[in-house]
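Subject: Handing over a structure, with notes

Dear colleague,

I am passing a structure on to you, and you will find it just below. My notes on what was found in it follow after that.

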Amino acid sequence: MRVELSEAQREARLRFRRFVQENISPHAAEWDREERIPPELVARLREQGYLGAPVPAEAGGGGMGAITYGLLTEEMARGCSSVRSLLTVHDMVSLAVLRWAGPELKDWFRQATAGGGALCALALSEPEAGSDAAGVRTEARRDGDDYVLDGRKKWITFGQIANLFLALARYDGKLTAFLVPADARGVTRRPIGGVVGTRASMLAEVEFKGCRVPASNLVGKTGFGLSHVMGTALDQGRYSVAWGAVGIAQACLDACLEYTSAREQFGVRLSEHQLVRRKLTNMITDARAARLLCYRAGHLRQAGDPGAGSETLVAKYFASRAAVRAANDAVQLHGANGLTDAYPVARYLRDARVTEIIEGSTQIQQISIARTPLAEL
């Protein structure tokens, strides 16, 4: 496997980096405090084609390859992990719906989301169902030409502003997926604040109470909701989060290189102390190793290799843990300054911890990866 980027990919990375430096990085701390991202940024993301970037062009998306999309995700996370999470959930839903929905719903969805028009959110987790996605309690029943949903979803990323929810519910005892417009009668959402990390990701609790959706809004077959529909969404989410974790690790390294080069202790720069160099070395190797694992997963995804899912699991597992290690060391190297909002490393630590929980926790991945046939690895 070659890891060199093509000229087009290098140019794309530079373009992404400039966008982040101009539009995201200067405001990330403010958005973190306000626990929101402004609609103006969402509009800019649409204009640049960054919402729905991996969706095929014929389906109204950007047609971006897996590696280029990974570079986009990394750069976004270097600036603000909450912005990265907007891309992640929108693309998770988009790819799952376009793969599993019926022709009528696909056509409607293409028009609604073309150019990043309608924002999508994944309504999977519940107050009593997180890692155990099979434990969802939201119920669906058939009533004439409609399905009627009742239940509560929690921790829904960008649930405060999403236009469409891809929801998992039990229909006739089987886990089934439905596309639910946010403005449908019977949908109520409540903001969730005070979270530790990705504070600007505008989390919400979403309640379905006698919520009617047309029968055509069924996504996939009855009983295929978790294994196929959500499986597709979560696989895309793990890939995006893996690259996002690389972005956090790189941001920690950048911050520490700048800080330790400028600050002196005991008459010499911090960067000259051996224990400081040890931490910097660990950051460098972790970030590079995580990025290489993401490259490998991306190459396999582009090639349609059946082992791509397994490699994505490995990449997400390693990268998220590497991000937490880098953020812990970054706070330590900044000393008391690292515990304040005056420097970004405290935010990086909070955001890094989130990557070990979302789209499959570290512990769930430890179970899943160990079950993977050695031939695939």
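**Cysteines**

Cys120 is buried, with a relative accessible area of 2%, where buried means under 20% relative accessible area, exposed means over 50%, and partly exposed covers what lies in between (1.4 Å probe, protein chains only). Before going further, please note that this is a predicted model, in which local features need pLDDT of at least 70 and side-chain atom pairs count only at pLDDT 80 or more, while totals for chains, interfaces and linings use all residues. Residues are numbered from 1 along each chain as its sequence is written, and side-chain values use heavy atoms, with hydrogens and water left out.

If a disulfide is taken as a pair of cysteine sulfur atoms within 2.5 Å, the count comes to zero. Cys120 is accordingly in no disulfide, the nearest cysteine sulfur, that of Cys211, being 16 Å away. Cys211 is itself buried, at a relative accessible area of 0%, and its sulfur is too far for a bond, because the closest cysteine sulfur, in Cys120, is 16 Å from it.

Ser94 has its place in helix 5 (residues 81-100) and counts as buried at 2% relative accessibility.

**The chain as a whole**

The secondary structure of the chain comes to eleven helices and ten strands, where helices (H or I, at least four residues) and strands (E, at least two) are DSSP runs numbered from the N terminus. The radius of gyration of the chain is 21 Å, close to the 21 Å that the globule rule gives for 377 residues, so the chain is as compact as a globular protein of that length; this radius is taken over C-alpha atoms, and the rule is 2.2 Å times the number of residues to the power 0.38. Along its principal axes, the C-alpha trace spans about 80 × 45 × 40 Å.

Of the 377 residues in the chain, 54% are buried. Where contacts join residues at least 6 apart in sequence, 74% of them are between residues at least 24 apart. The accessible surface of the chain is about 16,600 Å², and 49% of that belongs to carbon and sulfur atoms, the areas coming from the Shrake-Rupley method with a 1.4 Å probe, with only the protein chains shown counting as cover for residues.

**Salt bridges**

Side chains of opposite charge can pair when their charged atoms come close. The structure holds 20 salt bridges, each being a side-chain nitrogen of Lys or Arg within 4 Å of a carboxyl oxygen of Asp or Glu.

One of them joins Arg350 to Asp32, with the closest N and O atoms 2.8 Å apart. This pair links distant parts of the chain, since Arg350 is in helix 10 (residues 345-355) and Asp32 is in helix 2 (residues 28-34), 318 residues apart. Both partners are covered, Arg350 counting as buried at 15% relative accessibility and Asp32 at 7%.

Another salt bridge is formed by the side chains of Arg36 and Glu34, at 3.7 Å from N to O. Here Arg36 is partly exposed, with a relative accessible area of 31%, and Glu34 is likewise partly exposed, at 40%.

The side chains of Arg78 and Glu75 also meet in a salt bridge, at 3.6 Å from N to O. These two residues are separated by about one helical turn, because they are three residues apart in helix 4 (residues 66-79). Glu75 counts as buried at 2% relative accessibility, and a network of salt bridges links Arg17, Glu75, Arg78 and Asp254.

Helix 10, which carries Arg350, is mostly covered, nine of its eleven residues being buried; among them are Val345, Tyr348 and Asp351. The buried residues of this helix pack against helix 2, helix 4, helix 5, helix 7 (225-262) and helix 9 (308-334).

In the loop between helix 10 and helix 11 (362-371) lies Glu359, which has a positive phi of about 50° although it is not a glycine and which counts as buried at 15% relative accessibility. Trp155, in strand 3 (residues 146-156), has a phi near 60°, a positive value in a residue other than glycine, and is partly exposed, with a relative accessible area of 43%.

With best regards

Conventions. Contact = heavy atoms within 4.5 Å.
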